[in-house]
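Me: I would like to go through the labels attached to some side chains here, and to hear for each one how the value compares with the cut-off.

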Amino acid sequence: MAECHPVGFQWVMEAKARGAKVIHVDPRFTRTSALADLHVPLRAGTDIAFLGGIVNHVLRHEKYFREYIVAYSNAPVILREDFRDTEDLAGVFSGLNTDSRSYDNASWQYEGTEVQAASGERDQEYDERTGGGSSVTEAARGEAHGSGGAVIGEGEPERDETLSHPRCVFQVLKRHYARYTPELVEQVCGVPQDLFRQVCELVTENSGRDRTTAFAYAVGWTQHTVGVQNIRAASVLQTLLGNIGRPGGGILALRGHASIQGSTDIPTLFNLLPGYIPMPHAHQNQDLDAFVEAEAAHKGYWGNMRSYLVSLLKAYWGDAATPENDFCFDYLPRLTGSHSTYETTMAQLDGVCRGYFLLGENPAVGNANSKLMRLGMANLDWLVVRDFSLIESATWWQDGPEIETGELRTEDIRTEVFFLPAAAHTEKDGSFTNTQRLLQWHHQAVEPPGDARSELWFAYHLGRIIREKLAGSGDEMDRPVLDLAWDYPTRGRHAEPDAEAVLAEINGRDGEGNPLSSYEQLRPDGSTVCGCWIYCGVYADGVNQAARRKPGREQDWVAAEWAWAWPANRRILYNRASADPGGRPWSERKALVWWDPDKGEQGEWTGHDVPDFKKDKAPDHEPPDDATGPEALSGTDPFIMQADGKAWLYVPSGLTDGPLPTHYEPQDSPFPNLLHDQQRNPVRQLLPPHPDNRYQPSGDEPGSGVFPYVATTYRLTEHHTAGGMSRWQPYLAELQPEFFCEVSPELAAERGLAHTGWATIVSARGVVEARVLVTDRMAPLTVHGRRLHQVGLPYHWGPNGYSTGDAANELLHLSLDPNTHIQETKAFAVDIRPGRRPRGPAAVELVRAYRIRAGIDEHTGTEP
């Protein structure tokens, strides 16, 4: 966090100054480690084994917060008799279909409920649920359920609040993690048992009624073939300890770029609409009612999905969206499968995707297996790049590595590349949304120079020009564009759209045009307009709430008047869980919200934060049997976005790769899986075979010794993501002038690497060279009884700018998390040797020679 998020890390240091303990778990010793109370080096890609070991410690030593999990989690819920765990089936769950690389999650359901489809497999039950037809064979999965929208079976699950039933979630959890002992953690992760026990004691001693522990993770935790399950493992642990929904607790995804949180809220993701509403699939005859019936939970706030969606459709199409035409629901694009970045690259290579926009992305060096990205772009008809400078994704056609090797020739590349300079954040109005869901407005300081323009200008005027060209068209295919409510006010000589007007539309308005103040005001009948339901209230009373900057000394510690947090300016999600079932704070020290029986007509929730609960719902409230949506939640259901109002220690639906986090080895690993016969995540997403995306043998497979070292990529403070901004800054380039690799003195001696000399790093995908940094920061580990060396590779470089070098991402494969389609960049196997890499065709030959030595072909590493 100090390395990647130095501004935010100041608050960790503030907490430490007041007595907080800081534990840093990372393969490298970094600036964070230097300021932490405890640094825990571990083998990259073994996070679930490490967290599972802490879970086992919590369960075995009864360190869990019993009252919290009985009342607020699904720990007491009983599972079906036919559910089988990884402990029963050698590392897989019941329902695995190895041919389709997918799970049928029928056996994962609760006893007493009907079966619901797995995340993204909803098409299989579309007929049954809605009486319609289905044309989708491979659904876009995982993220389609957004913030807790996975549906669970209808009916009342059986419960055992003594937590003793052998099939209750609590007991299943205990059995699942029983073998995650300190001894196993040491063998798998390389973390000495004494150090591991110290972590267990620090975390559990700082959790309970009076204390809370927070987890903060870099987004690299997601960049694994088990990325979502890494976060799930942290969620299981934090739920057991009672650290969710309470001040000083939770799990914080540290956002390394201002666009990341905002681009998932109002998404650049292919499978979500604004506010985490799932994108419709290409079902036959699916109307608005059928979509809501199939996708919305019947209980909790996702039960109001129709209100959120209809208000969004009204924001998109205005007066054209009417009840008679389903509010233009048919105008929305439909998913025909996964359309993630990497599938899009494969579509480029196949000649299916012919044009591509790149806004703030640099896949030529920034994406996994960068070579494939460049080959894909070389097969386009046109490419539009918007950026501050001539990044590698704008110039690969003349100076990319494949030009040097002869694999591409400039004169043969037909792609027409358009480069449009972009405005910096200081040159435009807009907002940032950060880790704590906080929208902060920034005001334009100067005009953008020359031809540079904002994204808002680009999108608005591109839409305006297209609409002008389509004017008068009688083609029904053009109606969705022509009917758009595309009437934003502009100002200045460049006709810049008014960013606050866009924010006001996102906030929403009622039928009279008055700004809304809460998503609870949204209606399903078309009488409200709202561009993103979770942002409703950011423009309450016609005031830009995100622009507020009241100093901390003038308000309390919650700081409710510094900017605006979604939803409803609530600073801690699920904060009903900060009070006990009776509505009293678990402790005065950790009081956040509580039930005041003397407030209002019949009592109401009050406190320091905005209660994340219906204001007048008493703790003893029991909903009627026929209640739906938020009304179906009881007074002790704090997790209001979940289909049952509970925190899920176990996931019956919503994930594609299992209801409980399980340790699997990374796609490329020099070690076998010590826990199970199943080596890798059996439903990890592998892309269609391609000669430049070969996978490597792993574990005990013949040839795995050709790549004996574990590599991991990471970020430096002095540079930013793929380097598109920082490598063009002379001061930053001077601070970190060259691509380098971090290796231990022991590995340097073993491989003949000289400090500040050159090293060549090779995988089955590519070869790069880097300056050698010999350092104790990369500590060797003892894993599986043998010495393991890890290689650290910052991922900021490419051939353009002041500071140049090879891109670490040349080495990476395309094996993805099956829920989110995120690449595995943080744990892969390589070889390292002294000296500079070959040039030209010889570089391709070196990689080919390594493949031959390892016995690699198109089938290697592709088994379930």
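Predicted model: local features only at pLDDT ≥ 70, side-chain atom pairs only at ≥ 80, totals over all residues.

Me: What makes the contact of Arg197 and Glu183 a salt bridge?

Reply: Their side chains meet at 3.7 Å, N to O, and a salt bridge requires a side-chain nitrogen of Lys or Arg within 4 Å of a carboxyl oxygen of Asp or Glu. Arg197 lies in helix α8 (residues 193-205) and Glu183 in helix α7 (residues 182-189), so the pair ties together parts that are 14 residues apart in sequence; helices (H or I, at least four residues) and strands (E, at least two) are DSSP runs, numbered from the N terminus.

Me: How do you know whether Arg386 is buried or exposed?

Reply: Arg386 has a relative accessible area of 3%, and is therefore buried, whereas Glu455, at 33%, counts as partly exposed. Glu455 and Arg386 form a salt bridge, with their closest N and O atoms 3.7 Å apart, and this pair links distant parts of the chain, Glu455 being in helix α18 (residues 455-470) and Arg386 in strand β10 (residues 382-387), 69 residues apart.

Me: Why is the pair of Tyr308 and Trp533 called stacked?

Reply: Rings of Phe, Tyr and Trp (its six-membered ring) pair if their centres lie within 6.5 Å, and planes under 30 degrees apart count as stacked, over 60 as edge-to-face and the rest as tilted. The ring centres of Tyr308 and Trp533 are 3.9 Å apart and their planes are at 5°, so the pair is stacked. Both Tyr308 and Trp533 are buried.

Me: What makes Arg549 a charge over the ring of Trp562?

Reply: The charged end of Arg549 is 5.3 Å from the centre of the Trp562 ring, and a charge sits over a ring if NZ of Lys or CZ of Arg is within 6 Å of the ring centre and within 35 degrees of the ring normal. Arg576 likewise lies over the face of Phe613, at 5.7 Å from the ring centre.

How values were computed:
Residues numbered from 1 in each chain as written. Heavy atoms only, no water. Buried < 20%, exposed > 50% of the residue type's maximum accessible area, 1.4 Å probe, protein only.
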